[in-house]
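Work through the exercises below with the model in view, trying each task before reading its solution.

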Amino acid sequence: IEWSLPTEEHGLVEYLPWTAETFQEVESAGVILRFSERLTGVTVEVRLSLGTSSRLSVEPTLRNGGEAEQKLQFWANAAYAPGGSSVSPDTRVYLPARQARVHDTSDPGLPPVGNAMPWPQYGPRDLSVLGSWQGYLGAFAYPAAQTGWMGAQMPGTDGIIRVFPPDLAPGAKVFGLGDIPYGRYSGTDSSYVELWGGWTPTFWDYGTLDSGQAVTWKEYWYPIPDMPPVVAANDRVALCQADGVFGLTATEAGELEVEALDSQGRSLGKWRADLQPGRLWTPPEPPSGVAIIQVRDPRTGESVLSWPR
């Protein structure tokens, strides 16, 4: 994951030295990265930690210790290459909105830069699948992130999910290389997709920090196993559903109650799911006509995840 500030530019602060302080707690360990941005004077602290779950906790804090207000952006960008070297045309990317705003593209069939379009279905094309692109594409959730998760999946290998608070970090962007030749970024035939999360909705927007003001939020990144397309996710579970089959994976080991219902709210089945990180759980006999899925804590009855929202 790279950090971009005070603009979205790759590498503007990446090549400069950051301080790194490790820490050890009872159930977690991690590192705190710190950096003082020379153009604005804003200091950045990113606390990364791993605990007893499979999720990476990422907690950025931006602080303006100067006397004047500062306008800036802050973005985290993860380059995803499953297996370490490439993505296939059937890779899916997820944006948390029903519309996307084009940042840049070489696809002649898509709207020009700055324009919005439906997402993911654009006419006959499912733009969440990279193979539907006719060139490179960078696109933001428009007008901003509507739900708190995004991610990418390539069949046959692990995927990645980012969970975040859209009210505090409304920026979500995907980028795929499309027709860009690998020689422009690598000495070998490789490829990747980028998942961007930001403090502001797009690269055209800047946030303001008043003198003495600080902003902070916490988000999570975690891997998911090979599974059908994800339809809902949070920091505890990811739900997949396709062709009448649904399943769950979790970031922590434990038991959850899963219930499937039809469009009238009638129960089609209820199960106790023994969930483990990195594993996909599916019901032993999937029912037909599933329209609603509820995931609950079996001890308290509290809702863990509901689809559709």
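## Exercise 1: the largest pocket

Task: sort the lining of the largest pocket by residue type, and find which strands supply it.

Solution. The lining of the largest pocket divides into 18 nonpolar, seven polar and four charged residues, where Ala, Val, Leu, Ile, Met, Phe, Trp, Tyr, Cys and Pro count as nonpolar, Asp, Glu, Lys and Arg as charged, and the others, Gly among them, as polar. This is a predicted model, in which local features need pLDDT of at least 70 and side-chain atom pairs count only at pLDDT 80 or more, while totals for chains, interfaces and linings use all residues. Residues are numbered from 1 along each chain as its sequence is written, and side-chain values use heavy atoms, with hydrogens and water left out.

Next, consider the volume, which is about 840 Å³ for the largest pocket. Of its 29 lining residues, Pro96, Thr147, Trp149, Val231 and Arg309 are the closest to its centre. A pocket here is an open set of points on a 1 Å grid over the protein atoms alone, where a 1.4 Å probe fits, with protein on both sides within 12 Å along at least five of seven lines, and lining residues have an atom within 4 Å of a point. Grid points are joined across faces, edges and corners, and the volume is the space filled by probe spheres set on the points.

Finally, β8 (92–94), β21 (230–233) and β27 (303–307) each supply at least two lining residues, and the largest share, four residues, comes from β21. Strands are DSSP runs (E, at least two residues), numbered from the N terminus.

## Exercise 2: an aromatic pair

Task: decide how the rings of Phe74 and Trp217 are arranged, and whether these residues are buried or exposed.

Solution. The whole structure holds 14 aromatic pairs, a pair being rings of Phe, Tyr or Trp (its six-membered ring) with centres within 6.5 Å, and planes under 30 degrees apart counting as stacked, over 60 as edge-to-face and the rest as tilted. The centres of Phe74 and Trp217 lie 6.1 Å apart with the planes at 70 degrees, so this pair is edge-to-face. Phe74 is in the loop between β6 (70–72) and β7 (75–80), and Trp217 in the loop between β19 (214–216) and β20 (219–224), so the pair ties together parts that are 143 residues apart in sequence.

For accessibility, buried means under 20% relative accessible area, exposed over 50% and partly exposed in between (1.4 Å probe, protein chains only). Phe74, at 2%, is buried, and Trp217, at 5%, is buried.

## Exercise 3: salt bridges

Solution. Side chains of opposite charge can pair when their charged atoms come close. A salt bridge needs a side-chain nitrogen of Lys or Arg within 4 Å of a carboxyl oxygen of Asp or Glu, and the search of the whole structure finds twelve. In the bridge between Glu21 and Arg34, the closest N and O atoms are 2.8 Å apart.
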